[in-house]
Amino acid sequence: MSVFSAFDYQMMSKAIALAKRGIYTTTPNPNVGCVLVKAGQIVGEGYHMQAGGPHAEVHALRQAGSQAQGATAYVTLEPCSHYGRTPPCAEGLIQAGVAKVICAMQDPNPQVAGRGIAMLQAAGIEVLTGLLEADAIALNPAFLKRMKTGMPWVQLKMAASLDGQTALANGVSQWITSPEARSDVQKYRARASAILSTSQTVIADDAALTVRRHALPEAVGLAYPLADIRQPVRVILDQHHRLHAGLKLYDTAGTVLTVGQEEADICVPADAMGRLELHTLLRQLAVDHQINHLWVEAGATLSQALLSQQLVDEIILYLAPKLMGSDGRGLFGQFGFESMQDVFQLDISEMVRVGPDIRMTVIPQYHSPN
């Protein structure tokens, strides 16, 4: 028999819905929502709006005021127990006199990891965990992966014709997909901590790799202005120093980090084939730059390398209702498989229509854990 009531489920669902409102502004922090309830009535609610700003519990406690005394707090993630840019939320809940805290899940952050719960319990507050845990996990896949593995969560964006071609034989690729699909990409860029590409892709398309904020479908109804939606860090592989100041990349606000073996913002070694070592790069991005969510927009070479090294967590593939023929350029180069046992197995978790195109969310099923 569940220890949680139908009302508990309703309140945690509300907290999760609140947490989603911070999807564009909280990185490198997680999305968190909080609802305070007393005598069956909501007395305070809040969510983490922006990194560096008050956490969800603080907003809810401010709204509740003295009503927080004896209340139950529904929080999507274990309240923090450490001093960072803001004081510990567990301490705030204790000082406010809440009677009970229900957490959807424990925080895997080594700085918290059960300490917030222990702090609350030591103060005599009843704590329950696990309510709508799967939904809470789905809120923050990138944050959770970085906390658990020290690596970012990698989404690889790809676009192709129905027969799997990304460009004509002469290299022309604009535009395979529809304006609706290109607009849809903006929400993924905006949610990401960083965008990874190559100097070859940037130069060929004179790509800015920025977020067109006005194109974000979820922007209506957010509590903060569009101008507060930050631009993700742009990380460009530029081993041969081909980038130059005349590119749109440098014409727009936001951080650009170049990657090379030397004389770059991020220096990584080359592998045996002379290519930049991607595993080392991703770990540096996670550890040194607090990159949770890495969105990749690049050509076949980098895409294939990331997939071959089992560094891709999810593929976002846009398929346009066009046929380009086998003389075009494919999504990937040669993998060299000789057996069907070796090919990549994919789990299609979602397929939706975006304008005339199809967007598929695909999860690689690797032979061994990445």
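A: Happy to. First, a word on naming: helices are DSSP runs of H or I with at least four residues, strands are runs of E with at least two, and both are numbered from the N terminus. Please also keep in mind that this is a predicted model.

Let's start with the second largest pocket, whose volume is about 690 Å³. It is lined by 31 residues, and those closest to its centre are Ile23, Ala138, Leu139, Pro141 and Arg191. Several elements give two or more residues to this lining: the helices α5 (133-139), α6 (141-149) and α7 (179-191), together with the strands β6 (153-161), β13 (314-320), β15 (345-354) and β16 (357-365). By class, the lining has 11 nonpolar, 11 polar and nine charged residues.

Now to the salt bridges, of which the whole structure has seven. One of them pairs Lys145 with Asp313, with 2.8 Å between the closest N and O atoms. Lys145 sits in helix α6, whereas Asp313 belongs to the loop between α10 (300-308) and β13, so this contact ties together parts of the chain that are 168 residues apart in sequence. Both partners, Lys145 and Asp313, are buried.

Helix α7, another contributor to the pocket lining, holds a second pair. Here the side chains of Asp184 and Lys187 form a salt bridge, at 3.3 Å from N to O. Because Asp184 and Lys187 are three residues apart in helix α7, about one helical turn separates them. Asp184 and Lys187 are both buried as well.

Asp184 has a further partner: a salt bridge joins Asp184 to Arg359, and the closest N and O atoms are 2.8 Å apart. This time the link is between distant parts of the chain, as Asp184 is in helix α7 and Arg359 in strand β16, 175 residues apart. How buried are these two? The cut-off for buried is under 20% relative accessible area. Asp184 has a relative accessibility of 9%, so Asp184 counts as buried. Arg359, at 6% relative accessible area, is buried too.

Finally, these contacts belong to something wider. Through salt bridges that share partners, Asp184, Lys187, Glu350 and Arg359 are joined into one network. If you follow this part on screen, Asp184 is a handy place to begin: from there you can trace the salt bridge to Lys187 and the one to Arg359 in strand β16.

Methods: Residues numbered from 1 in each chain as written. Predicted model: local features only at pLDDT ≥ 70, side-chain atom pairs only at ≥ 80, totals over all residues. Heavy atoms only, no water. 1 Å grid on protein atoms, 1.4 Å probe; cavity = no way out; pocket = protein on both sides within 12 Å on 5 of 7 lines; lining within 4 Å. Points joined across faces, edges and corners; volume = space filled by probe spheres on them. Nonpolar A, V, L, I, M, F, W, Y, C, P; charged D, E, K, R; others polar. Salt bridge = Lys/Arg side-chain N within 4 Å of Asp/Glu carboxyl O. Buried < 20%, exposed > 50% of the residue type's maximum accessible area, 1.4 Å probe, protein only.
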